[in-house]
Each structure stands twice: as structure tokens, then as C-alpha cells.
Amino acid sequence: MNQENEVKNKNLPTPEEQAKIFSAKTKRAQIRLVNRIAYFLIVALILAGIFYAVVKIFFSVDTIIVNGSSVYSYTEVTDACGYSKDDVLFAVSKSKVQKNILGKLPFVYSVEVKKEYPNTLIINIEDEKESFYFEYENKFFVLTSELKVLAVVEDENKLFDTYKKLAFVKLDSVKQVITTKEVQFFDQESYRRSAKVMNAILNSEMYGKLTYADIRDLYDVRFMYDNRIEIVFGSHIDIEQKISHALSVISKYGENAKGKIYVYDLDEAYAMIEDD
């Protein structure tokens, strides 16, 4: 028995040989794993390439439609949008198109982007709307209701040759005026309050009959209505409701009535009107 055990022990590999055998098996397993991963990666790349080619062929942008802008040309809008024909429609980011156009084209007010699969990108533009003008350093500046400067004209008569309907607004505390930028005030609160009053005018029936709005002192706001009735509002606070109240008072008089209306609060208005 001892002889048989000795023979068996002589046939067993030594610990060093066992380590080498284990290492060789491990390496072969690793090589097989790497080969499998490489195979799957190659297959995945091939499939991705096929997918991209199919998408590129069938979903590339071949038509870009631009609607709505009277300020910018088709080429100016498409150049600004950040995408072009042959880009994959799936990859076009609507928010990026909007951001690019608003950032590069200052006279654009809003951008709506639509995709019509398989190949059409639609860009709907709304231009900034000229609504007011004011005088600053002997020049006349065309403004939006948000106080963005759209144009500058040195002759008031020429202003109305280009812009048929604008309301005149008197501003104060103006620090700087730059075309395509918002009017800069000495303090942000003056800007915010002035814009609020101008929006209230634009969103009411007052706008069509407004001769001027004097908002140089936001605690002594005054409008001239149809060049015949001065409206004294006092504070800019609750200006939307005050405008509505003033219009309701004016509606009680004839079209030739002249005078003054005081609307210091929302409960009543004191009118000094001569009604022909």
C-alpha cells in the first residue's frame, strides 16, 4: 500500500505546477471573455452604423419652413437656428433652436419649433412689436411694451412715415439707450414699474386713443386721451384697474367732451368734463 501511495503521489503535480496550470486556465478564460466582448462590440458597432445610416437616409432634414418674420429673411433665421439640411430630425433640439434664434436675432419676440416627420423642420417666428416711442437726447426711439429699443429716428415726422401707430410715452431716470437692448434705467425698479404701466396701456382699449402717457413720476402718472381728456392717476399702483375705471367714465360722455379725470383710487373718479 505504501508503494502504491508513493506512485500516486509521484504522478500528482507539484504546487508550483498546479499554480501554472491554474494561471494558464485563467488566461484562456480571460482571452475567451475578451474575444466575446470584442465580438459583441463589433456587432453593436455594425448595428449602430446600420441604424444611423437608415436614420440618416430616411430622417434627414430636407425642408426647413420659416413663418411669421417680417424683419428677418429666411436665410437669417435658418443660419441662426443652429441646424441645417441633412441633420437628423430626431437630433434637432427644439429648445436649442429657440435659444439660438432668440440669442442671435434681437428683434424676434418668440419662437415656436415643430417637427413633421420624416424630413421637415418648421420654425414659426413672432417679431417684437413696436408699440411706443419716447424722446431721449433729441432723438426718437421706437420701443416694445417691454422697453426694448427697436429703432432710432432723428425726425419725428419720419417716425410716422415708417410706423403708422405708436403711442408717445414720457420716461425719466433713463441711464442709457442702445438699439436692440432694453432701455437702461438708473434703478431696476423704475424699469419694472414703467414696463408694467406700458403693458397695462397696450392690453387695454386706452392704447388706440392714447395721445401720450407721462410716467416720468410713477407716483404722478398722467395720460392724455384722444388729445382732449387728461387722466390723472396718481400712483402707478393698480394701474390696470384704474385705466379700466377711467375708460368707463369716459364712455359716459360724448366724442367731443374735453376736460380732466382724476382716478386716485378704484372706488370713484372725479371728472371735470365739458361735454359738447
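A nonpolar surface patch is formed by Ile42, Ile46, Leu47 and Ile50, which together have about 390 Å² of accessible area. Patches are built from residues with over 30% relative accessible area and no salt bridge; nonpolar side chains (Val, Leu, Ile, Met, Phe, Trp, Tyr) are joined within 5 Å, like charges within 9 Å. Areas follow the Shrake-Rupley method with a 1.4 Å probe, and for residues only the protein chains shown count as cover. Ile46 lies in helix α2 (residues 15-59). Ile46 counts as partly exposed, at 49% relative accessibility. Here buried means under 20% relative accessible area, exposed over 50%, and partly exposed in between (1.4 Å probe, protein chains only).

The model is predicted: local features need pLDDT of at least 70 and side-chain atom pairs pLDDT 80 or more, whereas totals for chains, interfaces and linings use all residues. Residues are numbered from 1 along each chain as its sequence is written, and side-chain values use heavy atoms, without hydrogens or water.

The chain has seven helices and 14 strands. Its radius of gyration is 37 Å, well over the 19 Å that the globule rule gives for 276 residues, so the chain is more spread out than a compact globule. The radius is taken over C-alpha atoms, and the rule is 2.2 Å times the number of residues to the power 0.38. Along the principal axes, the C-alpha atoms fill a box of roughly 140 × 45 × 35 Å. Helices (H or I, at least four residues) and strands (E, at least two) are DSSP runs, numbered from the N terminus. Of the 276 residues, 36% count as buried. The chain exposes about 17300 Å², with 52% supplied by carbon and sulfur atoms. Among contacts (heavy atoms within 4.5 Å) with a separation of 6 or more, 47% come from residues 24 or more positions apart.

Strands β10 and β11 run antiparallel and are joined by four bridges. Strands pair if DSSP finds at least two bridges between them. Six residues lie between β10 and β11 in their hairpin. Ala213 is in β10 (residues 210-214), and its bridge partner in β11 is Phe223. Ala213 is buried, at 0% relative accessibility. Beyond four places in sequence, Ala213 touches Phe168, Val169, Lys170, Ile201, Arg222 and Phe223. Strand β11 (residues 221-225) has four of its five residues buried, so the strand is largely enclosed by the rest of the structure.

Five bridges join β11 to the antiparallel strand β12 (residues 229-234). Met224 stands opposite Glu230 in β12. The hairpin of β11 and β12 has three residues between the strands, and Asp226 there takes a positive phi near 55°. Asp226 also forms a salt bridge with Arg228, the closest N and O atoms being 2.7 Å apart. Arg228 is buried, at 14% relative accessible area; Asp226 is partly exposed, at 28%.

Eight salt bridges are found in the whole structure, each a side-chain nitrogen of Lys or Arg within 4 Å of a carboxyl oxygen of Asp or Glu. Arg222 pairs with Glu230 in a salt bridge, with closest N and O atoms 3.2 Å apart. Arg222 is partly exposed at 23% relative accessibility, while Glu230 is buried at 15%. A network of salt bridges links Asp220, Arg222, Glu230 and Lys260. In helix α6 (residues 188-202), Glu189 and Arg193 lie four residues apart, about one turn of the helix. Their salt bridge has closest N and O atoms 3.1 Å apart.
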